[in-house]
Amino acid sequence: MTQSANPLETKMNASDLFIKALENEGVERIYGVPGEENLDFLEAMRKSSIKLILTRHEQGAAFMAATYGRLTGKPGVCLATLGPGATNLVTGAAYAQLGGFPLVMITGQKPIKHSKQGLFQIVDVVSMMKPITKYAKQIVNVDMIPSMVREAFRLATEERPGAALLELPEDVAAETVDHKTTHVFNISRSRYPHADREILDAAAAMIKEAKHPLLMIGAGANRARIWQALHNFVDQTGIPFANTQMGKGCIWGRQQQYLGTAALSDGDYIHCAIDRADLIINVGHDVVEKPPFFMREGGAKVIHVNFKSAQVDNVYFPQLEVVGDTATSIQRIANRVGMTETHDFSYFMKVRSHVMQHVSEGSEDTSFPMKPQRFVADIRKVMPADGIIALDNGVYKVWFARNYFAQLANTVLLDNALATMGAGLPSAMEAARLYTDRRVMAICGDGGFMMNSQEMETAVRLNLNLVVLILNDNAFGMIRWKQYAMGYEDFGLKFNNPDFVMYANSYGATGHRVEDAESFIPLVNQCYEQGGVHLIELPVDYSENNKVLIDELKARVCII
């Protein structure tokens, strides 16, 4: 009698099935720090086409994966073990969820079925993650892995994008399953419905009837990749526009209709334009950002253009909602409106003139340590149109949001939602990994950089071409500025730093220290020409924050 085939040949490990489902989703890389509860999953990954990008902290892995999602529109995937590994993903989960970046997290857990360890789980990770994700589930049935992976990716991707979590317990990961009875799910095709003609006609009529319409571009417009439609809208209608911080770059910032970035200092020039507008076409509005304007009874009318209906509150209650595929909506409205002779943009152009003048002041200042006006202007000079700056969180973010004109979408990676420190370096690393032919710069305060500075080793190991700029003021500058503005004593926010040049060199990067303002641009260009990972320490002077961003604005804006 012939011996039958080994029955195990028809079996696969649950972790293999998980990896197969991830490959089906097009996953090429997973960022993370594995633990002992992930070893079956790690072995399955070793045998697959998916590569592991090992980071030095789970937070760095989550920021890199979220940035992959931000730049590609496809979920980035990160991995951590149970307990402290999983809790280290919390900030990254919130970063992706609030920012609208598609992210799928995978965490391990103690055995849950046949081991007493399951009674002593370190942390209930699923419950912890539910408030800051769109989907958080523990896998208990191996046969459900393909459908749960598909659902996690679907929810992470669809508007509004965000974070999803799948927890894979150690004993479930090791279970076997008959691959003949399991299958991965096809990725379904879908399109957002279009707004109907009646709504589009109503929007066009409101725009034609308005005398001072203004286009406002929010974060949703940047992630939804509706840039061409927005360009066409401005070209066809001539309507001036402004953007929120996370809406920067959707339309090239040097266009004559561009007024600047809203939602910065109170009483800014942009608010003069907003106050004069009688209609605001609000595209890609996202409530996680600081509102670019507050509606009031009797004030400007608002047309809400987005994939989803408006979240109404006492400062946002649009009179018309154009809900559907946003790019199509914008283009069809533009086709209906065209150039309108009764529109009057003269005041908006006056505001624009004041904005441009204010932004240019101080851009040639030779004092040292360098002032924000100078280093922002210099960075704009050395970065090509497709160059990417990834900002950490600090007072410099306000200066870049105001003074740095983005020429292409997703070339200014800042976080105005969670506004977390520590994300700048990992975000820039992922941008540099994705776009090897473009200049990428991480711009970090000394405080934010040190929160994830260990990822310098990862950047060097990945052979990235990256410039890391450290703005050194030996303090938590943003908080210190607010402390001063509120009239409090200077207390509790100063610290000492390592020798950043030696620190960078110790990781195998190349460290530099700027000694005067004139040497900054040549040094940056030299770093990009040499390639590799470079860290530049730049001493900065924030003494003019109040003068320029508060006092001067109060004195000048009233003139307009």
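A crossover counts as right-handed if, with the strands pointing away from the viewer, the path from the first strand over the helix to the second runs clockwise. Strand 2, helix 2 (residues 39-46) and strand 3 form a right-handed β-α-β unit. Helices (H or I, at least four residues) and strands (E, at least two) are DSSP runs, numbered from the N terminus.

This is a predicted model, where local features need pLDDT of at least 70, side-chain atom pairs count only at pLDDT 80 or more, and totals for chains, interfaces and linings use all residues. Residues are numbered from 1 along each chain as its sequence is written, and side-chain values use heavy atoms, without hydrogens and water.

Strand 2 (residues 29-33) pairs with strand 3 and with strand 4. Pairing takes at least two DSSP bridges between two strands.

| Pair | Sense | Bridges | One bridge |
|---|---|---|---|
| Strand 2 and strand 3 (residues 51-54) | parallel | 4 bridges | Arg29 with Lys51 |
| Strand 2 and strand 4 (residues 76-80) | parallel | 3 bridges | Val33 with Ala80 |

Now the cavities. A cavity is a set of points on a 1 Å grid over the protein atoms alone where a 1.4 Å probe fits but cannot get out; lining residues have an atom within 4 Å of a point. Points are joined across faces, edges and corners, and volume is the space filled by probe spheres set on them. The whole structure has 4 cavities of 30 Å³ or more. The largest cavity holds about 90 Å³. Its lining includes Arg70, Phe101, Met246 and Asn410. Helix 10 (residues 219-223) gives the most to this lining, with 3 residues.

Notes:
On a 1 Å grid over the protein atoms alone, a cavity is a set of points where a 1.4 Å probe fits but cannot get out, and a pocket is an open set with protein on both sides within 12 Å along at least five of seven lines; lining residues have an atom within 4 Å of a point.
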